[in-house]
Each structure stands twice: as structure tokens, then as C-alpha cells.
Amino acid sequence: MSDRVPVYISIGSNIDREHNIAQALDALAAEFGTLDISSVYESEAVGFDGEPFLNLVVAIRADRSVAELSRLFKAIEAANGRHLHASKFSPRTLDIDILTYGEQSGVVDGVELPRAEILKNAFVLLPLAEIAPDQKHPVVGQSYGGLWQQYQSDQKLWVVPFNWRGGVISPRP
């Protein structure tokens, strides 16, 4: 694959959160260079009782397939203590998910695209709308900014201060 595809990725952690988020960003920057990074948001755990999560969305341009990216992200998770067979709704050191891969939709290399959580979870949609407000969802055809304006849920999240590599990620300057 020679063309670089825009890919949006969600990152979350609720165990040693700051360290694991920084580790994920370091690994992604080493692989892809420049990252477009949303603010970092704290949110309550969804689907189980647990410590609050830190969440953010990162945009990259990749010349790898969905399968290659998925393997890479699983390796980064594992290198940071994520257990492969842990329950879906449980605390985690690191969770890295492909949200979108260009305009692809459907199941690609075993990954559902675009990821359903975009439309369901504030901790995915808000940071995505922050860095790509005019980008359109590949299936519903609405911009992420517009989807956020219409979003209705009782999920609570808030921006938290976060620095990485000596720079401020959030709150955004």
C-alpha cells in the first residue's frame, strides 16, 4: 500500500493512566511521526465499576493495512501490561482502537469500521470532534462536529491537564 491513509485512533487507560497514555503516544510517534492529538479527557468507567479513564483521539497517516495496524496496536497494548484475555468491561492499562481508516466501512481485516463507539460514547466522539470537526463519518455522512452537537447522553467527561514530551496537550493552548 503506497498511499498514506488518514486513520483516527482512540486511546484509553484507567491503570497508571498518565504513564500508559504517554507510552502509547511515544510508540505511535516512533512509528508514524507527527501525531494530531486531541485534549485528554477523564471519564467514568462505562459498563463496569472501576477507576476513571483517561481518553483521547489521535490522527495519523498510515501506509499500513488495517490488519498491520491492529497487530501493532495490540503489541503496544501488550508491551504496556494489557492482558490479552481480560474481560471487555474491566480495568486496563491501555486500550488502542482504530476508529476510522480512510472512508472504509464494514469489517476490514476483522475490524469493524467505522468503530461503533464513535456514535455511542462521549469519550470517543468529543475528542474526535475536537480534532476533526469537519470530517464526515463514513456511514452516517455527518461531520463529527455536527454529531457532537446533536449527541445526547448522560456520560460525563471533562478535560484534564496533560503534558507530553515537554509540551501541553490539554488543556489546549
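Which residues in α4 are buried? I looked there and found A122, F123, V124, L125, L126, P127, L128, A129 and I131 buried. By "buried" I mean under 20% relative accessible area, with exposed being over 50% and partly exposed in between (1.4 Å probe, protein chains only). Since 9 of the 10 residues of helix α4 (residues 122–131) are buried, this helix is largely enclosed by the rest of the structure.

**Ground rules**

I'm working with a predicted model, so I note that local features need pLDDT of at least 70 and side-chain atom pairs count only at pLDDT 80 or more, while totals for chains, interfaces and linings use all residues. Residues are numbered from 1 along each chain as its sequence is written, and side-chain values use heavy atoms, with hydrogens and water left out.

**The whole chain**

I counted up the elements: the chain has 5 helices and 10 strands. These are DSSP runs numbered from the N terminus, with helices being H or I of at least four residues and strands being E of at least two.

Next I checked the overall dimensions. The C-alpha trace spans about 40 × 35 × 35 Å along its principal axes. For 173 residues, a compact globule would have a radius of gyration near 16 Å, and the chain's 15 Å agrees with that. That radius is taken over C-alpha atoms, and the globule rule is 2.2 Å times the number of residues to the power 0.38.

Of the 173 residues, 50% are buried. I also looked at contacts, meaning heavy atoms within 4.5 Å. Among contacts between residues at least 6 apart in sequence, 67% join residues at least 24 apart.

**Two helices packing**

At what angle do α1 and α2 pack? I got about 145° for helix α1 (residues 17–32) against helix α2 (residues 66–79), with the axes 10 Å apart. The axes are lines fitted to C-alpha atoms, for helices over the stretch in contact, and the angles run from 0 to 180 degrees between N-to-C directions.

On α1, the contact uses A24, A27, L28, E31 and F32, and on α2 it uses L69, L72, F73 and I76. I sorted these residues into 8 nonpolar, no polar and 1 charged. My sorting rule: Ala, Val, Leu, Ile, Met, Phe, Trp, Tyr, Cys and Pro are nonpolar, Asp, Glu, Lys and Arg are charged, and the others, Gly among them, are polar.

A reminder for myself: an α-helix has 3.6 residues a turn, so residues three or four places apart point the same way.

**A ring pair**

Rings of Phe, Tyr and Trp (its six-membered ring) pair if their centres lie within 6.5 Å; planes under 30 degrees apart are stacked, over 60 edge-to-face, and the rest tilted. The count came to 1 aromatic pair. The rings of W148 and Y151 have centres 5.2 Å apart and planes at 15°, so I put this pair down as stacked. W148 is partly exposed at 27% relative accessible area, while Y151 counts as buried at 16%.

Where are the cis peptide bonds I noted? One joins L113 and P114, with omega about -15°. P114 sits in the loop between β7 (111–113) and α3 (117–120). Another joins S170 and P171, with omega about -5°, and P171 is in the segment after β10 (167–170).

D16, in the loop between β1 and α1, has phi near 45°. R165 has a phi of about 50° and lies in the loop between β9 (162–164) and β10. R165 is exposed, at 59% relative accessibility.

P6 is in strand β1 (residues 5–13) and is partly exposed, at 33%. Leaving aside neighbours within four places in sequence, P6 is in contact with I60, R61, T100, Y101 and G102.

Is T93 buried or exposed? I found T93 in the loop between α2 and β5 (95–101), and at 11% relative accessibility this residue counts as buried.

N163 is in strand β9 and is exposed at 55%. Not counting residues up to four places away in sequence, N163 touches V168 and I169. N163 and E18 are 145 residues apart in sequence, but 9.0 Å apart in space, C-alpha to C-alpha.
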